[in-house]
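Let's take a friendly walk through this structure, one spot at a time. Have a look at the picture first, then read on.

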There are 2 protein chains.
Amino acid sequence: MIDARIIDKLKEIVGPDNVAAEIQDLLCYGYDATQMEFLPDAVVHPADTAEVAAVMKLANQERFPVFPRGAGSGFSGGALPKGGGIVLVTTRLNRILRIDTENLIAEVEPGVVTEQFQQEVEKLGLFYPPDPASLKFSTLGGNVAENAGGPRCVKYGVTRDFVMGLEVVLPTGEIIRTGGETYKGVVGYDLTRLLCGSEGTLGVITKIIFKLLPYPEAKKTMLTIFDSIDGAAKAVSTIIGNKIIPTTLEFMDHATLKCVDRRFKMGLPESARAVLLIEVDGDRELIERQAARIQELVKPLGLVECKVAKDAAESEALWKVRRLVSPSLRDVNPDKYNEDIVVPRSKVPDVIRRIEKIQQKYDIPIVNFGHAGDGNIHVNVMIDKEVAGQQEKAHEAIREVFRAALDLGGTMSGEHGVGLSKAPYIPLELSPVQIATMQAVKHALDPNNILNPGKMFPA
Amino acid sequence: MIDARIIDKLKEIVGPDNVAAEIQDLLCYGYDATQMEFLPDAVVHPADTAEVAAVMKLANQERFPVFPRGAGSGFSGGALPKGGGIVLVTTRLNRILRIDTENLIAEVEPGVVTEQFQQEVEKLGLFYPPDPASLKFSTLGGNVAENAGGPRCVKYGVTRDFVMGLEVVLPTGEIIRTGGETYKGVVGYDLTRLLCGSEGTLGVITKIIFKLLPYPEAKKTMLTIFDSIDGAAKAVSTIIGNKIIPTTLEFMDHATLKCVDRRFKMGLPESARAVLLIEVDGDRELIERQAARIQELVKPLGLVECKVAKDAAESEALWKVRRLVSPSLRDVNPDKYNEDIVVPRSKVPDVIRRIEKIQQKYDIPIVNFGHAGDGNIHVNVMIDKEVAGQQEKAHEAIREVFRAALDLGGTMSGEHGVGLSKAPYIPLELSPVQIATMQAVKHALDPNNILNPGKMFPA
């Protein structure tokens, strides 16, 4: 599909050093955080919006697929070049263009790494709350395309809530601006939020205007250990019902705790069945009172222990339990499918109980942790690919997990997106008319189906 | 276009009592808060989603336009049946379906009046912040369709930020659900936010799932009077720069103050050139400290006087100045064009200065007030329609006001939308490619151009 003639044209657009078609290069851009891999025909590294636009125009003339990619840290295969074509890497568009301390906005290019951006705004006393687990390497363009979440979303919202405007190269190669520098703005359709979470299928993001907040004065971290899942879940709704919206309400189930304790000897109490890592932030005096009130509220709910951090170092130590979850899980089984269902907050105990039954039925370990404050649970189905038939069983189990989430009024994905890995399950959640409506929007913006084809919708 | 045969079919769908085609009925549904008026051929009042869908299917078969309408309180002609067709009134879909105090969500039909909804959730200790000025009669469906704002948006965001999911009858008559009951959710395109602010051109909203917040414990209101616009504007950025995000930061310029004082004798100081009505809400102790800090911060900025409300009654008295603005303006000139430009917060003084020059050039009084915290200024061009040529002059002046807002990085509308009244100006703000992209989305969802035709885009 991509022949030498097209490679030459790509080299004319981005320069010969920024097109790669050797196997060792293709391998570097054919994977992501899933266990899937597909080789592209070529990889291009444009330097700016004009080059991205020229690549897209060429792709429409020559009819080859383009797969936009940031750091490739996605969990649903959204950036993978299935079927071949070119991978368009945005990491050279990596400048923070401005941070406006008067209007609390920033303008960035899509290849800026999330954590680097956070550090830069924090130097100025400002705050960019979205904190996906991949923030040390994920790029902001990818965060917007996937509408990334993270632990702090309970209080602050998701990536979408901080995107004010975009510059986008449309699938046809035309360049548009959406939204702007003002938070309010109702002229025309909200293409900004349509692009957020569109998984690189409706446009290549080339600039982002973010809303920022003042950096919170202080924070307070607590690790609360419960003797039952229900106790931990009840704690979540009790805290929020008492008008405290914590920054984070991170949940770990018994299986998760056992994994972490087995490997890292955290010394968690024998009776620990669930843990909530709770953080509040804001005004120094207010959060002291909130922390005290939270301790009071959770005490009658089967609390085994509550550790309260006195300073930043102690806070870091409490976060360690949460941070060690991923490295610990490998011990259970070498491979895993990491799903991220969401249910209404009050339905967390119900969904966990249903998942326990699914685990027993399929005899595959399932480990649950995640963002209980917004009902977003990472369901990790732990498999050993070497064991014959286990992958198939795992897919069946995952289908049942999705059904459970949907039955309880939830969704199959709160953060990871659909991409390739959830596309076959989409008809569980969306009706044929919903899917047709979304496909009509896709076709309206990408009539030749050039940009990231084969994603989100079932084949 | 709408003949007796179609009227009969409409009567079959919604019942004979719920179709009106007499002139006295048509007059009631041909106006809004603009000074425009267009008579429809008929008015239908469906009772539920199925009836809305049947009307839309009929409209596609018979190819007549449908104009959805809530309370008709819009400021841009968005609900007006220009060109004829039927007005579809949503006010019979007026039930609050549920308020879920555990998950802080509510599900409502579109015809519920905004204030009534606020009162119901407040009875349960919950909070729905969006507060458009029309809240006593505007409907929630209209609020979502226009992405309504209000004074509290500085801290809490606009209507869009509270919409989690919708049930929508598409222009073709198909029914879909978008979003859901969970705040996080990234399965498929974000049709929910695409529908928000789409001004009734992409679907008829038949159910809305709203996110709610705990009701703030307390609030504190201050009326700060400055000897210059610059002082008031500087106060806005100084307060936010000092990490306090007030609930409201309402601005009134000198012309506004003179109008209010002339008619209602508020006894404002002679040297008053601008006023900020500032409110903070939240934790009782925290807001006391915030209020004290705000007073300290604004003192050096040409503060003439600061009145701090001690209780709810005093707070109400301070709000009176702001509430009397609209009834006072009539005294300047009988008619007005009420625009709602937005500029980045720091550019408020610049835009006000430019508007002063425009006022001098055209010799038409212009009065400015609004939501300075998010740079959203209501620019009231005061005209007397009896004076020959004044309307034309006013339109020229408005065009220059829009240009000023756009030059300063802003937008023509923060709350009112485009509808009919701003459609001719759209090319000032959006590029031909932006407009074509939006029209492609419109065409994808409404191939026969049935739903609210002639709105948003230039003819």
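A quick word before the tour: a residue is called buried when its relative accessible area is under 20%, exposed when that area is over 50%, and partly exposed in between. Also keep in mind that this is a predicted model.

Start with A:Arg63, which sits in the loop between helix H3 (49-62) and strand E3 (66-69) of chain A. Is A:Arg63 buried or exposed? With 53% relative accessibility, A:Arg63 is exposed, because the cut-off is over 50%.

B:Lys265 has 64% relative accessibility, so it counts as exposed.

## Patches on the surface of chain A

Which residues make up a patch of positive charge on the surface? They are A:Lys258, A:Arg262, A:Lys265 and A:Arg273. To find A:Arg273, go to the loop between helix H9 (254-264) and strand E14 (274-282) of chain A. Its relative accessible area is 32%, so A:Arg273 is partly exposed.

There's a nonpolar patch to look at as well. A:Ile23, A:Leu27 and A:Leu39 make it, and it covers about 250 Å². One of these, A:Leu27, belongs to helix H2 (residues 23-28) of chain A. A:Leu27 has a relative accessible area of 40%, which means it is partly exposed.

## A buried aspartate in chain A

A:Asp340 is part of strand E16 (residues 335-342) of chain A. It counts as buried because its relative accessibility is 0%.

How many residues separate A:Asp340 from A:Asn376 in sequence? The gap is 36 residues, while in space the two are 6.4 Å apart, C-alpha to C-alpha.

## An enclosed strand in chain B

Over in chain B, look for strand E13 (residues 248-253). Why is this strand said to be largely enclosed by the rest of the structure? Because 6 of its 6 residues are buried. In a regular strand, side chains alternate between the two faces of the sheet. Here, B:Thr248, B:Glu250 and B:Met252 point one way from E13(B), while B:Leu249, B:Phe251 and B:Asp253 point the other way.

E13(B) also has partners to check out. With strand E14 (residues 274-282) of chain B, E13(B) pairs in the antiparallel sense over 6 bridges, and B:Thr248 has B:Glu279 as its bridge partner there. With strand E17 (residues 366-371) of chain B, the pairing is again antiparallel, over 3 bridges. In that pairing, B:Phe251 stands opposite B:Gly370.

## A four-stranded sheet in chain B

Strands of a sheet pair through backbone hydrogen bonds, either parallel or antiparallel. Chain B has an open sheet of 4 strands, in the order E1-E2-E4-E3, and its pairing is mixed. Which strands form the edges? They are strand E1 (19-20) and strand E3 (66-69) of chain B, each pairing on one side only.

Follow E3(B) to its partner, strand E4 (residues 86-89) of chain B: these two run parallel and share 4 bridges.

Methods: Residues numbered from 1 in each chain as written. Chains lettered and ligands numbered in written order. Predicted model: local features only at pLDDT ≥ 70, side-chain atom pairs only at ≥ 80, totals over all residues. Heavy atoms only, no water. Patch = residues over 30% accessible without salt bridge, like charges linked within 9 Å, V, L, I, M, F, W, Y side chains within 5 Å. Areas by Shrake-Rupley, 256 points an atom, 1.4 Å probe, with all protein chains shown as cover. Salt bridge = Lys/Arg side-chain N within 4 Å of Asp/Glu carboxyl O. Lys, Arg positive; Asp, Glu negative; His and termini not counted. Charge placed at Lys NZ, Arg CZ, Asp CG, Glu CD. Buried < 20%, exposed > 50% of the residue type's maximum accessible area, 1.4 Å probe, protein only. Pairing = 2+ DSSP bridges.
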